[in-house]
Amino acid sequence: MKGMKTVKRIAFILILGLAVLAIAGCNGEAVDSENTIVIGIEAEPTSLDPTQIVDYNSSRAAMEMYDSLIRFKDGSTDLEPGLATEWDVSEDGLEYTFKLREGVKFHDETLFDAEAVKFNIDRQIDPDHEYHDTGEFGYADTTFGMVEEVIVLDENTVKIILDEPFAPFLGNMAMHSASMVSPAAIKEFGKDISQNPVGTGPFKFVSWDPGQEVILEKNEACWRGAPQVEKLIFRPIKENQTRLTELEAGSLDFIVGIPPDDLQRIRDTEELLVLEQPGMHTWYLALNCYRPPFDKKEVRQAANYAINKEAIVNDILKGTGIRAVNLLPPLLWGYTDDVRDYSYDPDKARELLEESGYGEAELTIDFHVPESGSGMQQPVAMATAIQSDLEAVGFKIKIQQLEWGTFLDKTEDPPETNEFIMHELSWMGDNGDPDNFLYTLLCGTQWPPKGFNGGFYKNDHVDSLLLEARKITDPARRIELYEEAQQLIVEDSPLIVVDHETQIVAMKKKIQGFELHPTGVFRFDKVTIQ
Amino acid sequence: MPRETEPNNPQLGADTEDWEIKQVDPKREIWRRLKKDKMAVAGGCILIVVILLSLLAPFLTGHDPNAVVTANRLLPPGTPDHILGTDHLGRDILTRLLYGGRVSVAVGFAAVTIAMFFGVLIGLLAGYYKGFFDVLSMRFIDILMAFPYVLLAIAIIAALGPGLLNAMIAIAIVGIPYYARIVRGTVLSLREQEYIEAQRALGSSDLRILFKHILPNALSPIIVAATLDVGWMIIAASGMSFLGLGAQPPMAEWGVMLSDGKDFLRVAPYISLLPGVAIFLVVLSFNLLGDGLRDALDPRLKQ
């Protein structure tokens, strides 16, 4: 009798277990429809309104829905017509006239025209614009800061007047912040436009369940032709290891941020494909030149010599990046490696520190580090290695970890109240122009809160070179100016550049025809599924 | 849950002579009972070993816990010179475990001491004086308890800034209600006892009654609670460090080590596993010891 009871009980438990498994199983495969790609990204998008986007997790999810007047070609930062079919630049480089593509409709069926272009640019840069308060436009100054006026010539022609010549302007017109959002939708949704995106792109918005997923579906009426893929689902998954496991388990089709130590195993996996390509990325330490001890050039150089960048790239990053010698990534025009060489040399670092005359009190520094963040690779491990190297030559470094959002906010504090003496950050090029790195991150006019020069570097000679280079259009002359600027900058060492990350994504082999783009934004419009 | 402590109470069993002989030294009696509890003894032994090991860490290993040698990273356990292997920055895991033990155990004890001090003080005063102070402090304690404790600790750290010291303060504050509740309950019943009334009649000051007569009699539940709590505090402190709010890299701390290893679970699971086992062992030992102590201090509870 007793035996029977036990058997029954075990059977009951087994059945219960099976039921639980079955339910769990159903859950995992709920979205596995034929023509869908599920993409694992690193964090929750902050906004799906392209004019408000400042990070990759947002732009990767959002940019499938939008077009700009000019597009970067597939696989390069060369330009091709987008919503504008042709354009014309005046002799003095101040007037840009765009002829717009006719008959293009936004996803809400309203017509794209010259008024829409004017609306989108004015909304970002004109504080008196009726819809200026519908967002915070982090890129407005970088993209359109030089725009004086946007004039509608006729329904399909628009003229943009600049207040001074600006060489990379056409490139800016292809940046994510220059995307065209439906004015009707902005009027309807106001501030909520970032959760209700409406563009002209190959995919249109279906839903956004915060913390869970963003769902897009194909836009049959897209002027570029309807995409093959029916549906894109973007899932934010913070932990690299979790994201990878989900790809291997099959609940994701495509991921970014593969841990370097797992990469070889994924490369060897039969049903997975790994794409690797150099990107326009630089990982750097920003040194606060406004305050001791980094107000002295010797100390900045000492720190640069003290850090074994080679070891970080080879051992910690396992070669998923290339060692950087300069802020500009090598694949960008204007790059030069003819600059001061800061190869690992702790003895030289000690000498320079001694020269600087700073003692232990000044050399005790807080090092601010984000726990994670787009483009930050392995922020804590890299910071710990750097800390150890710096302590070996006489610095005293205390690491302070901050959450990514808080961290970014603090980098934007003005010099007087900015508490960061040393912090790590990365930058990814937006428009394929050296100006987007050198001017944006190092020009003396770009100190926070206005710009992104978080180390408060200012060198009048460098400033004059960078300001001149953005005004002239002769490429050869611009290269000369940028090369000279790079030499001066590296000599001053306001930033310690560590590496340029290789763009790496892994996907199931069923996804075909995907190509990485140097700007790091994804393009699924030509992808097919086998 | 009002409790009386038996061993200190001379009235019980006063009429049998045998009993009176055993009553001579209550501490010995507790020790005798504790010794009989095998689990508690095991817990105690593990703790003594852990504490000794971490105190002697510099003599037991030749490595610096924070020395980064990237060329030696991810060596598996069993490698000569790195018995438990190395982590993702080439640091010796055994060394980090030993040094981490110092931090974790010290933080556990310190946090309990802080929480106990304030909790006991509030509980004593609230239970003894009742009235307005009681209502005020107990409502405050209720408010503290109404928050999910991890959330509250995170909020406190957010205000103070991340760091091991601040994490310790945060979890100590979160721990205060536990002691205040226990002590207040005990004091509420003790203050009505005849011997306290006798003291009052003799004209003893409140201070003398509170600390000379009530506190010693309320001590055993406090000791039990504190022993069990050390384990909880160690987990909480490691949890805060795991979240990046407590100990900051490169400090060797078990929570930090656990978090360091989470990106390498596939290639080097031991980086996370070893500190996890260490936390588990120490917390389990504190719990076993605490349970044993409770039974030893108050044998009636066991039935």
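Tutor: Two packed helices are described by the angle between their axes and the distance between the axes. In this predicted model, helix H10 (residues 206-242) of chain B and helix H12 (residues 270-297) of chain B have axes 8 Å apart and an angle of about 170 degrees.

Student: How are H10(B) and H12(B) oriented to each other, roughly parallel or roughly antiparallel?

Tutor: Angles over 145 degrees count as roughly antiparallel, and H10(B) and H12(B) are therefore roughly antiparallel to each other. From H10(B), the contact includes B:Ile223, B:Leu228 and B:Ile234, and from H12(B) it includes B:Val282, B:Phe286 and B:Arg294. By class, 13 residues of this contact are nonpolar, six are polar and one is charged.

Student: At what angle do helix H9 (residues 194-202) of chain B and H10(B) cross?

Tutor: The angle is roughly 155 degrees, and the two axes come within 11 Å. H9(B) and H10(B) are therefore roughly antiparallel to each other, and their crossing is right-handed. On the H9(B) side are B:Tyr195, B:Ile196, B:Gln199 and B:Arg200, which meet B:Ile209, B:His213 and B:Ile214 of H10(B). This contact holds four nonpolar, two polar and one charged residues.

Student: How many helices and strands does chain B have?

Tutor: Chain B has 13 helices and zero strands. Its C-alpha atoms fill a box of roughly 75 × 50 × 30 Å along the principal axes. Of its 303 residues, 44% count as buried. Among contacts with a separation of 6 or more in chain B, 70% are between residues 24 or more positions apart.

Student: Let us turn to sheets. In what order do the four strands of the open sheet in chain A lie?

Tutor: The order is E4-E5-E7-E6, and the pairing is antiparallel. Strand E4 (84-89) and strand E6 (147-154) of chain A stand at the edges with a single partner strand each, so one side of each has no neighbour in the sheet. On average, neighbouring strands are turned by 20 degrees against each other, direction ignored.

Student: How many bridges join E4(A) to strand E5 (residues 95-100) of chain A?

Tutor: Five bridges join these antiparallel strands.

Student: Now a single residue. Where does A:Trp447 lie?

Tutor: A:Trp447 lies in the loop between helix H15 (435-442) and helix H16 (460-471) of chain A. With 19 other C-beta atoms within 10 Å, A:Trp447 is partly exposed, because a residue counts as buried if 20 or more lie within that distance. Leaving aside residues up to four places away in sequence, A:Trp447 touches A:Pro415, A:Asn453 and A:Phe456. The C-alpha atoms of A:Trp447 and A:Glu412 are separated by 8.6 Å, although these residues are 35 residues apart along the chain.

Student: Finally, how many residues does the contact take from chain A and from chain B?

Tutor: The size of an interface is often given as the accessible area lost when the parts come together. Here one can count residues: 20 residues from chain A and 18 residues from chain B. Among the elements of chain A that give two or more residues are helix H7 (240-249), helix H13 (379-393) and strand E16 (396-402). The largest share of this side, seven residues, comes from H13(A). The side of chain A that touches chain B has eight nonpolar, seven polar and five charged residues.

Conventions:
Residues are numbered from 1 along each chain as its sequence is written. Chains are lettered from A and ligands numbered from 1 in the order in which they are written. This is a predicted model: local features need pLDDT of at least 70, side-chain atom pairs count only at pLDDT 80 or more; totals for chains, interfaces and linings use all residues. Two residues are in contact if their C-beta atoms, placed from the backbone, lie within 7 Å. Ala, Val, Leu, Ile, Met, Phe, Trp, Tyr, Cys and Pro count as nonpolar, Asp, Glu, Lys and Arg as charged, and the others, Gly among them, as polar. A residue is buried if 20 or more other C-beta atoms lie within 10 Å of its own, exposed if 12 or fewer, and partly exposed in between; C-beta atoms are placed from the backbone. Axes are lines fitted to C-alpha atoms, for helices over the stretch in contact, and angles run from 0 to 180 degrees between N-to-C directions. Angles under 35 degrees count as roughly parallel, over 145 as roughly antiparallel, 65 to 115 as roughly perpendicular and the rest as oblique. A crossing is left-handed if the near helix is turned anticlockwise from the far one by less than a right angle, and right-handed if clockwise. Two strands pair if DSSP finds at least two bridges between them.
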